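Take a look, and then we'll go through it piece by piece.

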Amino acid sequence: MKNNDQLWRLGGSDLGLLVHRDFKGLVDKTIIIRISSFLRKFKNINIIDYTEPDPLTVVRMAKIPYDNLGLVMLAMLAIPRGFVASYSDLAELLNMTPRLIGLFASKNPMPVLIPCHRVINKDGAIGGYSAWHRDGRGIKALLLSMEDVKVNGMKVSKDHFVDPNELKDNFYRIYNYYHSLISEYHSSEQSE
DNA sequence: GTACCGCTTTTAT
DNA sequence: ATAAAAGCGGTAC
C-alpha cells in the first residue's frame, strides 16, 4: 500500500480493489482484497465506490502492453458487463488457442479493471481464477453475480454468452482506439 | 536450443 | 465421470 494507491469498493460488497498507478498516473496494477480485514492493518484510507468505466476510458487510464498479453486484455474489455465469453471465443478472435488465453488471463496485471472474470469455459463452467490467494473460483462467481450474471452450481447459462460478432466489433473499436493512442504517443515523442 | 507450464477443449475410456 | 493428449507463447535454464 503506497500513499498514492486508491481503494475502490466493489458493488457495495466487502470486496475492494487496490489500484496502483505509475509515475505518469497510469494504472499498472490492481489487487483484490477484503476491505474489512484490510482496514485492520491500514487506517485512514479513503474508500471510493467503484463504478465501471467504459472500455475506451480503461484503455486511456491503464497501461496496456503492446504485445500478445495486451491483445488479450483488449479482447477482455470487449466483453460487455453482464455477459461472458469462453476461452475459445477469445482464442478464435485472436488466432490463439483456448489454453493460451487461459495462460494470458492468469498473467492479467489488473483484475476487475480488465475483466478477466468474464472469460469462462465453453460449457458454461466457471473456469479458473488465480487473482485471489485461494478459492479463486468463488471470487470469480461473486464478481459475476455482482454484475447480474447468474451463477448456479458454478455454471453460467448459455444466454449470458456475448454474440461473437458483437465481441469482434467491440474488440476492433477498442483496438483501433488503443492504436491511435500509441501512434499519438510516438508522434509526440518525435516532435520533442 | 530445450523443456516445462497454464484461469482449456476434445476425444476416448 | 474421469483421463489424456493436443495446443502454443512465455519463461527459465
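Which helices each supply at least two residues of the surface near DNA strand B? In this predicted model, they are helix 4 (87-94) and helix 5 (98-105). Helix 5 gives the most, with six residues.

Now for some individual contacts. Arg99 puts a side-chain N or O atom 2.4 Å from a base nitrogen of DNA strand B. Gly128 also goes for a base, but with its backbone: an N or O atom there sits 2.9 Å from a base oxygen. Ser106 turns to the phosphate instead, with a polar side-chain atom 3.0 Å from a phosphate oxygen. As for the DNA atoms within 4 Å of the protein, 46% belong to sugar or phosphate, and the rest to bases.

Step back to chain A, which is divided into domain 1 (1-51) and domain 2 (53-182). Their C-alpha centres lie 21 Å apart, and 19 residues of domain 1 are in contact with 17 of domain 2. About 1,500 Å² is buried between the two, with carbon and sulfur atoms giving 70% of that area. On the domain 1 side, Val27, Thr30 and Ile32 lose the most area, together 35% of what that side buries.

Strand 3 gives the most to the side of domain 1 that touches domain 2, with seven residues.

Note on methods
Residues are numbered from 1 along each chain as its sequence is written. Chains are lettered from A and ligands numbered from 1 in the order in which they are written. This is a predicted model: local features need pLDDT of at least 70, side-chain atom pairs count only at pLDDT 80 or more; totals for chains, interfaces and linings use all residues. Side-chain values use heavy atoms; hydrogens and water are left out. A residue is near a molecule or strand if one of its heavy atoms lies within 4 Å of it. A polar contact is a pair of N or O atoms within 3.5 Å; within protein, one must be able to donate a hydrogen and the other to accept it, and residues adjacent in sequence count only if both atoms are side-chain atoms. Helices (H or I, at least four residues) and strands (E, at least two) are DSSP runs, numbered from the N terminus. Domain bounds come from an automatic or database domain assignment. Contact means heavy atoms within 4.5 Å. Buried area is the accessible area (1.4 Å probe) that two parts lose on being put together, summed over both.
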